[in-house]
Amino acid sequence: MKPFRYERADDASGAVAMLAGAPGGAFIAGGTNLVDLMKLEVATPDVLVDVKRLTSDRIEELPDGGLRIGAAVSNSDLAADRTIRRRYRVLSEALLSGASGQLRNVATTGGNLLQRTRCVYFQDVTTPCNKREPGSGCSAREGFNRELAIFGWSDACVATHPSDMAVAMAALDAVVLTHGPNGQRRIPLTDLHRLPGEEPERDTVLEHGELITAVDLPPLGFATRSRFRKVRDRASYAFALVSVAAALDVADGVVRDARIALGGVAHKPWRATRAEEALRGAPATERSFREAAGAELAGARPLPGNAFKVPLARGAMVRTLLDLVEESQ
Amino acid sequence: MTVEVEITLRVDGAEHRLTVDSRTTVLDALRDRLGITSPKKGCDHGQCGACTVLLDGRRANSCLALAVAHQGAEIVTAAGLGRDGNLHPLQRSFIEHDAFQCGYCTPGQIVSAVGMLQEAEAGWPSAVSGDSSRDGVALNDEEIRERMSGNLCRCAAYANIVSAIAEVVRR
C-alpha cells in the first residue's frame, strides 16, 4: 500500500474543502472496497479524508411520504430497518443478497454506490485496463468477460457495476444528494453512474471532492409489492451474474405500472424502461412478461463469454414478475 | 514517506496505546503490534472471514479496517469471549461438534457466530428469511448457512459448524 495522510474534518463542508485541495486524495467511510483497492495498489490516494461521522447515519421520513437515508447508514442497518422492509422491500432484499454479514455491518450507503467494478483486470495491476489506467487498453474485451456487460459497453470498457443496492434504488427512482466544491445538488440515481464511453475511468458524474450526503426514496405505494432476485455462481456471498429489482402494480389482472432495473449487465444499474413501457396496460400474464423482457433484451449486445446472460436475464425478469403477481392473488 | 499516528484500542477489555503507520489495518495492529493472534490473516481482502472481530459490538473484517479510522474502538476477539476462565458456549459447542479440522478459520467463525446470533436476536432478516416485512427470525440450518457465508472453511467443516451453532441456538 502506498503511504497516505489520514485526515478528519469537523463537518461535511470541511471535508469537501480538504479534498478539493488534494487532487490525489479520496474520501473514506466504511472503506470495505477502498482499503482493498489500496492494498492491490489499484487505488493510491495520498490523502484520505474520513467522512464516516460527517454524514447522517439515520433514516428519516420526508414530508412527501418518502424516506431520506443518510450516507453513513450501514448496509445492515438499512436492510434491517422496519420501514424500509415494509415500504421498499426490494431494497432490503437487494442489500441482504450482497456481500457478507461482516461487510454489510461496515459498508455505508454512500460507499456502496461508489464501489468500483470487480472486473478481474481492473483489480490486477499487471494487466492493461482503461478504467484503471486510461489508454492502456481493455483486457476483458477479448479476455475473461463472462461476468461483464451486455448493455451499454464501449470498446474501451465492458465492466459492470457491482452493487445490488443501487439496482433496487434505480428501480425506486431514488435521488442522490451531494455536497461538492460547487455547492449542493440532487442527482437522480439513474444518472449518477455513467456508461463507459471514452472515459471508463469515470464511474460517476460526481466531481472530485463531491460528497454523497444522503439518498432520498420518493413515495411509491406499490413498492410494498417489490422483489429482488439475484442469480450468481454460488448460493451466497458472490456478485450477481444477473439481478432483477422489480415492483409491480396490478389491478383486475392488468399491469397499471411497473418499475424494473437489472444488475450485473452494465456499467451502471440498468433501468429497464423498454420493459416497463411494454408492461403498462398489458395483462399480468407470463406471456406479457416474456414480451416485456424480450423488448428490453432486444437491445443487449453480449460479449463472446456472456451470451448466457441474455436468456438468464429474461428468465429472471419473468420469474420475478410472476412471483409478484402470485403474491398479490 | 511514512505517516505515523498515535491511537488507542480497547481489545478484550484491555486498553492499548500504540503508534501505527497510517496503512496499518486493525488486523495487523492486533497481530503484529499487540501480539493478539486469535484473529487470523487468511485472504487479507475481506473474502474469507478468518480475521473477524467484534468492532464496537458488531462483527467486521479486521483486515479491511484501517487502525487510524478506528481510534478508541472497542474490539472483541475470539480470545476475549470466555468469562472467568470458562469457554464461551459457542467455543464449547465447536469442540463438542468437531466443527473444525486445521482450526485456522475457527476464531473468525466463532466471533462471526457471536455477532450473527446478536443480529438475529435483534430481528434482522437474511436473504433466505422470505417475506422480510415480517418480524421474527427462526434460525434453522438454512438461515445459519446464509448468515455465516462470510466465513470460509477450506477444510470444509461446514456441516459441523452449522450443527455447533444450531446447538447453541436451541439452548
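# Chat about chains A and B

User: Hi! How many residues does each chain put into the contact?
Analyst: Chain A brings 30 residues and chain B brings 34, where two residues are in contact if their C-beta atoms, placed from the backbone, lie within 7 Å. This is a predicted model, in which local features need pLDDT of at least 70, side-chain atom pairs count only at pLDDT 80 or more, and totals for chains, interfaces and linings use all residues. Residues are numbered from 1 along each chain as its sequence is written, while chains are lettered from A and ligands numbered from 1 in the order in which they are written.

User: New topic: how many helices and strands are in chain B?
Analyst: Chain B has five helices and five strands. Their order along the sequence is β-β-α-β-β-β-α-α-α-α.

User: And what box do the C-alpha atoms of chain B fill?
Analyst: Roughly 50 × 35 × 30 Å, taken along the principal axes.

User: How much of chain B is buried?
Analyst: Of its 171 residues, 46% count as buried, meaning that 20 or more other C-beta atoms, placed from the backbone, lie within 10 Å of the residue's own.

User: What share of the contacts in chain B with a separation of 6 or more comes from residues 24 or more positions apart?
Analyst: Such pairs make up 55% of those contacts in chain B.

Terms used
Helix = DSSP H or I, 4+ residues; strand = E, 2+ residues; numbered from the N terminus. Buried ≥ 20, exposed ≤ 12 C-beta atoms within 10 Å, placed from the backbone.
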